[in-house]
Amino acid sequence: MNKVVRTPVTTALATALFLAPQATLAQETPRADKHYIGLMATTLNHRTIGEGRKETAWGSGGTLVVGGHITDLFHAELRAGGGFKDAKVPNSDLSLAVDYYASWYMGLHYPITDYANVYGQFGFSYIQGKAEISDPGNDRNKAFLDLEGEFPDSGFSVSWLAGLDFEVMNDTYLVLEGGKLFKDTGTDVNTFQFSGGLRYEF
């Protein structure tokens, strides 16, 4: 009697163990078929500000990311962002505001563990902002007079990023990254971007 009972139970268990991995595989979506959306807090670091002065100033903003995986290793994305806090240039009355920016990137990401990836990406950005000097007649602002008005002078620029992401929940990643947002060929101001936030893949 015991043999009769054990046989169907054993068969059922074996069938369940065999089918479970198959069901999991069927439910998993290949990364190449996934898209993603992300939201990040961004710090903008403006460097080499002012003729002969080369000052540095910090501003802040936010970035929305929408993209997709082309293959298991390559991705493409669009970004849109804007400034929250203007950058106040030391030893002057100059402030730099980035009103908004839009970027397009192609990139490569590579897994370093089961839950983390490193990535790098290259693309182009359009930036719109303004530079304001509250007291242009003051001698300490002479090095910055060429900056006043539309900023940057050249709205289009090459951009790049390098970053690291960690999967903190299923399909949800903590992202840390940094790179160059733009170089203003008119004034030689270099602006770098450093961001942190979350990305969700679907």
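How do the residues of the lining of the largest pocket divide into nonpolar, polar and charged? Three are nonpolar, four polar and six charged. Here Ala, Val, Leu, Ile, Met, Phe, Trp, Tyr, Cys and Pro count as nonpolar, Asp, Glu, Lys and Arg as charged, and the others, Gly among them, as polar.

Before going on: this is a predicted model, where local features need pLDDT of at least 70, side-chain atom pairs count only at pLDDT 80 or more, and totals for chains, interfaces and linings use all residues. Residues are numbered from 1 along each chain as its sequence is written, and side-chain values use heavy atoms, without hydrogens and water.

Back to the pocket. Its 13 lining residues include T29, R31, K34, Y173 and E201, which lie nearest the centre. A pocket is an open set of points on a 1 Å grid over the protein atoms alone, where a 1.4 Å probe fits, with protein on both sides within 12 Å along at least five of seven lines; lining residues have an atom within 4 Å of a point.

Now Q128, in strand β6 (residues 116-133); strands are DSSP runs of E, at least two residues, numbered from the N terminus. Q128 counts as buried because its relative accessibility is 18%, with buried meaning under 20% relative accessible area (1.4 Å probe, protein chains only). Beyond four places in sequence, Q128 is in contact with V98, D99, Y100, E150 and F151, contact being heavy atoms within 4.5 Å.

Last, confidence. The average pLDDT, the predictor's confidence in each residue from 0 to 100, is 89 for the protein. Residues 1-7 stay under 50 and have zero contacts beyond four places in sequence. Where pLDDT is low, the predicted coordinates should not be read in detail.

How values were computed:
Helix = DSSP H or I, 4+ residues; strand = E, 2+ residues; numbered from the N terminus. Buried < 20%, exposed > 50% of the residue type's maximum accessible area, 1.4 Å probe, protein only.
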